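Let's take a friendly walk through this model, from helix packing to cavities and pockets. Keep the 3D view open as you read.

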Amino acid sequence: MNNSCSPCKQGGHSQDDYMLKIQQIGFLLVDLNLYLDTHPDCAQAIDDYNALVCTMQELREAYIRQHGPLMNFGTAPSSVPWQWVDDSMPWPWENKRR
Amino acid sequence: MWYYEKRLEYPINIKKCDLRMAKLIAAQLGGPDGELGAALRYICQRYSMPTSKIKGVLTDIGTEELAHVEMISTMMFQLMQDATVDEIEKAGLSPYFTQHGRAVYPVDSSGVPFTAAYFQSVEDAVTNLHEDMAAEQKARVTYERLMQQADDPDIIEPLRFLRQREVIHFQRFGEALDEVNFRKDRKTIY
């Protein structure tokens, strides 16, 4: 979490805080992407998109370092044993009731 | 959350239009043992599975099946792409052409549209995993029959790859089933 550009330094370091931030920035990127699909010449939106790409990358890296892989198929390294199916990293549909 | 990667899992470049094979390969897009049913089956079943390992297997194989839906769709598209209306009529695809043109739409090789009734999802890991293993074997034999009827290597090679993936998925589901069967808290006396 050193070497990061501003927004990702904010907020706590807990898994939930990181996840919420990733969901927020992730949604901005989804929505901007859709807008740009039909407005490919909008330089202003592309600027916003590019800035968020950097933020998102740093957020992801910080999350993966602390909590393990976010995505499958070769997008993050793993320690032993294979972290993807480790019980310490719940699946997204598992809420806090149990 | 899902992301799309702009590439095929295995390269496909079919140079020759072949409506007969397009009609047959449709079985693996919208048919009862096809890739779309496989993807939806695993992605539905994963929620109520008992262990993280099995949730992972279903998530990952379900995701790979979506890549196979894309591969089969690509084959359908390339096989129909340049067909004339005359060729379509001779291949017996006029009803399909009437409803869909040369677009990709999930039907089986007899033109029956895809339905979610092709798969189950029940709150029981043993039941789900047995269905999954059977589904992989049924898809494997379907690929073998398709390969028997194809002569173009551009068609056979991707089919061979997809057939091999069915074998691997069967193996992984078998290991997932072992995990259920050998869990320490499993009831062994009835």
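## Two helices of chain A

In this predicted model, helix H1 of chain A covers residues 15-38 and helix H2 of chain A covers residues 43-67. Their axes lie 9 Å apart, and the two helices pack at an angle of about 150 degrees. Angles over 145 degrees count as roughly antiparallel, so H1(A) and H2(A) are roughly antiparallel to each other. If you turn the view to look at how H1(A) passes H2(A), you will find a left-handed crossing.

What classes of residue make up the contact of H1(A) with H2(A)? There are 18 nonpolar residues, together with six polar and three charged ones.

## After H2 in chain A

As background, most residues other than glycine have a negative phi, and most peptide bonds are trans.

A:Phe73 has a positive phi, near 60 degrees, although this residue is not a glycine. Is A:Phe73 buried or exposed? Its relative accessibility is 56%, and the cut-off for exposed is over 50%, so A:Phe73 counts as exposed. Further along, the peptide bond that runs from A:Val80 to A:Pro81 is cis, with an omega near -5 degrees.

## Chain B as a whole

Now to chain B, which has eight helices and zero strands. Reading along the sequence gives the pattern α-α-α-α-α-α-α-α. The C-alpha trace of chain B spans about 65 × 35 × 30 Å along its principal axes. Chain B has 190 residues, and 45% of them count as buried.

## Two helix pairs in chain B

Start with H3(B) and H7(B), whose axes come within 11 Å and cross at roughly 165 degrees. That angle makes H3(B) roughly antiparallel to H7(B). The crossing of this pair is left-handed.

For the pair H4(B) and H8(B), the axes are 11 Å apart and the packing angle is about 165 degrees. H4(B) and H8(B) are therefore roughly antiparallel to each other, and their crossing is left-handed. Keep both pairs in mind, as their helices come up again below.

## The cavities

How many cavities of 30 Å³ or more are there? The count comes to two. The largest cavity holds about 50 Å³ of space. You can find it by selecting its lining: B:Leu19, B:Met80, B:Ala83, B:Ile88, B:Leu93, B:Tyr96, B:Phe97, B:Gly101 and B:Arg102. By class, seven of these lining residues are nonpolar, one is polar and one is charged.

The second largest cavity has about 40 Å³ of space. Among the residues that line it are B:Asp33, B:Gly34, B:Glu35, B:Arg41, B:Tyr42, B:Glu136 and B:Glu166. Helix H3 (35-45) and helix H7 (125-149) of chain B are the elements that give two or more residues to this lining. Which of the elements gives the largest share of the lining? That is H3(B), with four residues.

H4(B) gives the most to the lining of the second largest pocket, with six residues. By class, the lining residues of this pocket divide into 11 nonpolar, six polar and five charged.

Conventions:
Residues are numbered from 1 along each chain as its sequence is written. Chains are lettered from A and ligands numbered from 1 in the order in which they are written. This is a predicted model: local features need pLDDT of at least 70, side-chain atom pairs count only at pLDDT 80 or more; totals for chains, interfaces and linings use all residues. Side-chain values use heavy atoms; hydrogens and water are left out. Axes are lines fitted to C-alpha atoms, for helices over the stretch in contact, and angles run from 0 to 180 degrees between N-to-C directions. Angles under 35 degrees count as roughly parallel, over 145 as roughly antiparallel, 65 to 115 as roughly perpendicular and the rest as oblique. A crossing is left-handed if the near helix is turned anticlockwise from the far one by less than a right angle, and right-handed if clockwise. Ala, Val, Leu, Ile, Met, Phe, Trp, Tyr, Cys and Pro count as nonpolar, Asp, Glu, Lys and Arg as charged, and the others, Gly among them, as polar. On a 1 Å grid over the protein atoms alone, a cavity is a set of points where a 1.4 Å probe fits but cannot get out, and a pocket is an open set with protein on both sides within 12 Å along at least five of seven lines; lining residues have an atom within 4 Å of a point. Grid points are joined across faces, edges and corners, and a volume is the space filled by probe spheres set on the points. Buried means under 20% relative accessible area, exposed over 50%, partly exposed in between (1.4 Å probe, protein chains only).
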